[in-house]
Amino acid sequence: MAEESDLDKTEEPTGRRIEQAREQGQVPHSRELSTFLVLIVAAAAFWMMGGWFMQRSMVIAKKALSVEPRFMLEPSQMLPRLADISGDAFWAFSPLLGLLLLAAVLPPFFLNAWVFAPKAIAPDLNRLSPITGFGRMFSWNSLMELGKAVVKAGLVGGVAVMLIWSERDEIFGLLAQPLDAGLAHAGNLISFSFLVFVAALIVVVAADVPFQLWQYFEKLKMSKEEVKQEMKEMMGDPQVKGRIRSLQMQAARKRMMSAVPQADVIVTNPTHYAVALSYKGGMGAPKVVAKGMGPIAQKIKSLGAENAVPMLEAPPLARALYKHAEIDSEIPSALYNAVAEVLAYVYQLAGWRQMGGTYPVPPRNLPVPPELVPEAA
């Protein structure tokens, strides 16, 4: 049978299919969103904290370029001094590094793509295959990435031209400013320009994120046969389920048969149905401990005879109990009177066996509601 093509995959992915993909590390991913968040956070940080960064940088640079004679005479002190200056630089820029780290890990949150998948980092020789790599170079995804790169270059370039043109007077005015004021003004212009450039990328992000989500779910689409197979796996194979039900019924039948010897009476049809009843102290009402028809009824009667369990032929009552009473459950209230007469006969029979006397007369015309009696088998 030929493999199904992508054209056959017309069904939306099921929750199980998506979960399996996540376990393999396949989650929606947008490079443009990641790049945008990192750059916009950096631009905002420089815009709000640029002066502080510049001040700290100047202090660190002055400290690094001011070499005391004792360090020149003792080269062994240069390494601790370098570590001290590096520590100052790290702590000075740690707020920026922390913000960039947060921006780098946030994109999966927006795409619901946070997942730990060890299978995704497992060695895979197919990733090193030149043929596979060559195929990726000329794939539809690569063409899309090329198109996005061209759009980004054109967008950023256009924004740059517009920004330079709009700020041309201030740019040329830097030449007439004192050095300190000019540097500060230039820093503000650069920070503002960087922020505008990055903000322009939101257009690319707004187009890329929906496309990546669409492409992700498109790759996970399933054929009708795959959906049916998944449903079969989740619901269970019919043959296996049938076998399980058969084993469960056999186990229940064994438990039911084991309760027959302790029953108080067996009500029969006399041949088609048999229902074993028990009534012990503490019960709210008599309980059905076994029931069956056909071969099972004959088995119940055989076990009852072997264990001297009293039997009573009462076809309407037997059929009503079989139809409306469940195993290990109390009998319906509508049958209380009829079963009470049966139990009274059983107790009289037990007394006759012990004491002798007149043999008790089996009850006839038991008060069984006609609507509870199914048609005779």
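The residues lining the largest cavity divide into four nonpolar, one polar and two charged. The structure is a predicted model. This briefing covers that cavity and then the nonpolar cores.

**Cavity**

- The count of cavities of 30 Å³ or more comes to one.
- The volume of the largest cavity is about 30 Å³.
- Its lining consists of E32, T35, F36, K152, L201, V204 and V205.
- Two helices, α2 (31-65) and α10 (202-219), each supply at least two residues of this lining.
- The largest share of the lining comes from α2, which provides three residues.

**Largest nonpolar core**

- The largest nonpolar core has 25 residues.
- Within this core, the residues with the most contacts are V267, L277, L317, L321, L335 and V339.
- Strands β1 (265-268) and β2 (273-278) each supply at least two residues of the core, and so do helices α14 (315-324) and α15 (336-355).
- The element that gives the most to this core is α15, with seven residues.

**Contacts of L321**

- Which residues does L321 touch, not counting residues up to four places away in sequence?
- With those neighbours set aside, L321 touches V267, V275, L277, I331, L335 and V339.

**Another core**

Technical notes:
Residues numbered from 1 in each chain as written. Predicted model: local features only at pLDDT ≥ 70, side-chain atom pairs only at ≥ 80, totals over all residues. Heavy atoms only, no water. 1 Å grid on protein atoms, 1.4 Å probe; cavity = no way out; pocket = protein on both sides within 12 Å on 5 of 7 lines; lining within 4 Å. Points joined across faces, edges and corners; volume = space filled by probe spheres on them. Helix = DSSP H or I, 4+ residues; strand = E, 2+ residues; numbered from the N terminus. Nonpolar A, V, L, I, M, F, W, Y, C, P; charged D, E, K, R; others polar. Core = buried A, V, L, I, M, F, W, Y, C linked by side-chain atoms within 4.5 Å. Buried < 20%, exposed > 50% of the residue type's maximum accessible area, 1.4 Å probe, protein only. Contact = heavy atoms within 4.5 Å.
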